[in-house]
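Please open the structure in a viewer and keep the selection panel at hand.

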Amino acid sequence: MKRRDALRFGCAALVGGGLAGRLFAAPTSGPRFLLVFLRGGYDAVNLLVPYSSSFYYESRPNIAIARPDASSNTGALTLNADWALAPAVRDTIGAMYLEREVAFVPFAGTDDLSRSHFETQDSIELGQPAGGVRNYRSGFLGRLSETLLGTSASAAPISFTDALPLAFQGSATVPNLSLKNVGKSAFDERQAGILRQMYADHHLEPAVRDGLDLRQEVTQKMAEEMAASSRSAINTKGFELEAERMGRLMHDKYRLGFIDVGGWDTHVGEGSAQGNLAGNLAGLGRGLQVFSQTLGAEWSNTVVVVLSEFGRTFRENGNRGTDHGHGSVYWVLGGAINGGVVAGEQLPLSRTTLFQDRDLPVLNDYRAVLGGLFGRLWGLSPEQAARVFPEAPPRDLKLV
Amino acid sequence: MNPLRQARVKRVAAALCALGALLAGCAGTGGGPKAPASAAALPVFQRTDTLWLERVSFGIDSESVAELHHLGRQRYLERQLEAPDAPLPAPVAQELAALEVAHADPVRWLAEVGAEYKSINAMPDGTAKVEARKALNEHGNKLANEAIRSELLRAIYSPSQLQEEMVWFWLNHFSVHQRKATLRWLVADYADRAIRRHALGHFKDLVLATLEHPAMLEYLDNNRNAAGHVNENYARELMELHTLGVGAGYTQQDVQQLARVLTGSGVVNAGNPPRLKAEWQALYRRDGAFEFNPARHDFGTKTLLGHTIQGRGFAEVDEAVSLIVREPACARFISLKIATYFVADTPPRALVERMALTFSRTDGDIAAVLREMFLAPEFNAALGGKFKDPMRFVISAVRFAYDGRTITNTRPLVNWLNGLGEAPFGRTTPDGYPLTEASWASSGQMSRRFEIARAIGSGNAALFDAEDGGAAAATGFPQLSNRLYFEAAEPFLAAHTRDALAHASSQQEWNTFLLASPDFNYE
């Protein structure tokens, strides 16, 4: 893909019309933002490898990623004097890093110490101050979406998931559609027309119309996709395929997206340069690259953040895997970001700097970091930023 | 039925049969829709009767319509309130009796799971350990899936429909998530013994039953709440989500005091009673998998909601819960929530106020509160305006489409509920699922709902396959244009829905449009 194709889809959507529903009233300018949630707690230090730490190699006799070798162009990619990037994403995320389209924020995470997947996922998605009364109907993307309604940018939100995630709770109406296994649309044009007509004077009419349109549009894009792939014999699958579809939808209409990707809970047989985790990372890397390519010129107007609920134990366990830990590494991607850096507060990694003698500490609170990033991206006032992340003074890492 | 309406029904029936070969159903049921003659013999059934029944049950079927005809609203309601636990239809009863969770034994299961975890942790790393962990997980998954299957089958087929609605409502109100700790081994028992048993009883008994169930104690961490190591999680949610509601006037101080009252209430530890000092032995308490351990209890004096509670053991819990549920805020909070589920997203204030008074006057008699609500003029006036949440949509569609015919495979229902975002025992946060339209009628959810309507309407949903994915019985599609439809639905359809049905090109499509219509999705 196929920058030309992407542009063509953009034109088709403009000319095609018929998608003038409330939810599709996308602004013609303003940034796009996609949050990629890696559910399961991905093993961050086997992605962003602290290769200057001999303690890393002592802690992971079987699963450490080997130090970069300047003479090899397939091993880990040196990013700076301390960090290297896993070989699994060398050709995708690594290449983008060299183009300054990727930054990493290590030692990132939350103050949630439960080490429970769902409790930490919930607390991240809610994004509310610790210790207070929690409002389970208010996620930070929901608050962001509502906040942007008051700005000129105004978001057109979408969740690429089966069910609306907690992160989007509290926003008026956010459409959701998983692009994983989209079958043929259940309804042809005639049937969809009849269904729409049934709700003609009903207050759900916009939702019904948008839902049917979105579904048909995705079906149509898939038909184009199949035609394209049979020509170029590209066989995309898994996250790559979802990412390409996301790219098309975000190119044309949506400006605030969410997707989650599972399979990161590597307690057993995690692998190192190759294996389970490497396979997942490679798929994620290819997907994000495809996403950037699908957006074409609009990639410069887009920011992606990849995060996960926690990092994993710094030491490998007895099953050549890792267990639930604390600090993680977040990714920031975009065509026009100040990338090619490993940003935020950092520490040399040794036994004494581990959190509770087992995990990466959290030095960069995710609410402060995302708040800082959102502030720059949309030019939010301090009051607006505080609506999204209350009681978390934004921390501007100047990545966008 | 008035003559005009009858004539219209005949026209519709004739038009349907005129669809010809596609309409296998007209021939298959011996002459197609036979509404006019038989329905005319029955008393007039009003639109509000259908809608009333839709809400007092998980959706109309022939049997409930006949019963309402026969009894009228008041007697129908009394039968539902006064005689819960009506026997299930024989095939469903057999189905449920064959499940492992029919013999749920939390004490034994928790002991087994605990021992199994211990032995797995002691195993050397390797394939055997991985396999053992996998087997344990699979057993937990099986039990949780059986719990879900039981709830769905009861929701569809129990003649005690109102009781089952309240079971769902309370399971959601006292929400637990199956993925935490050992809850997969516990949720079936939680639904049966903590919730179903008290669903139409007194609210205080319900609170205490959930408080003494290991599912709740594990889910909200009270099994870790001990003197000197206070965990406030459950104490907070007990007041905020279960009884008083946020903003009811209690303070962080009250939360801390209640947490102290709750210290020592936990889950039995692998069958071994703790060794206790002599003066504590009489205070030790055990009921099933629930344990009150005085050695973990804070015996100091507490002040809760302005009352002094003398430290003396588990009796403090009963005293504290009594105090809380007698607060006027509790009566209002629970009444408002029930009315939001059954009456309207914003229920009439006067009705909620009367329900709250009934709640207070009867010491939290749930049946009395429901009686006040279902027979109120405000309830009648609000009929037709409540959007079905995913559970009500899915269950009512199966009840309507298959009308008493027992489905064998509940997995498609589980998938639909997951897809619509209302998985049973699947709410991760303790607040339960929202009860208002805004959370269920997004564009993505509407198109998903239509696809489910199509799956049911076209008979492609594999509902009659074996649960384990075995061979399907020959089924075909359901006949929604049946007597039930002509009696209780057709006369009241909106014009746009009639138009849509008139444009259907097959029975399957007609079924799909009906289940997708606003008429079917609101009650």
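The model is predicted. Begin with the boundary between chain B and chain A, across which the rule finds four salt bridges. For one salt bridge, select A:Glu119 and B:Lys180; their closest N and O atoms lie 2.7 Å apart. Polar contacts between chain B and chain A number 16 residue pairs, counting pairs with both residues at pLDDT 80 or more.

Next, colour the helices of chain B that each supply at least two residues to the side touching chain A: H8 (127-157), H13 (233-243), H22 (411-420), H23 (443-457), H25 (495-502), H26 (507-516) and H27 (518-521). Which helix gives the largest share of that side? H23(B) does, with nine residues. By class, the side of chain B that touches chain A holds 15 nonpolar, 20 polar and 15 charged residues.

Now select the whole interface: 50 residues of chain B are in contact with 37 residues of chain A. The two chains bury about 3,600 Å² between them, and 58% of this area is on carbon and sulfur atoms. Display B:Ser443, B:Phe450 and B:His496, which supply 17% of the area that chain B buries against chain A, more than any other three residues.

Finally, turn to chain A and select its open sheet of three strands, ordered S2-S4-S3 with antiparallel pairing. Strands S2 (48-49) and S3 (77-78) of chain A are the edges, each pairing on one side only. S2(A) is joined by two bridges to S4 (residues 84-85) of chain A, the two running antiparallel.

Conventions:
Residues numbered from 1 in each chain as written. Chains lettered and ligands numbered in written order. Predicted model: local features only at pLDDT ≥ 70, side-chain atom pairs only at ≥ 80, totals over all residues. Heavy atoms only, no water. Contact = heavy atoms within 4.5 Å. Buried area = accessible area lost by both parts, 1.4 Å probe. Salt bridge = Lys/Arg side-chain N within 4 Å of Asp/Glu carboxyl O. Polar contact = N/O pair within 3.5 Å; in protein donor to acceptor, adjacent residues only side chain to side chain. Helix = DSSP H or I, 4+ residues; strand = E, 2+ residues; numbered from the N terminus. Nonpolar A, V, L, I, M, F, W, Y, C, P; charged D, E, K, R; others polar. Pairing = 2+ DSSP bridges.
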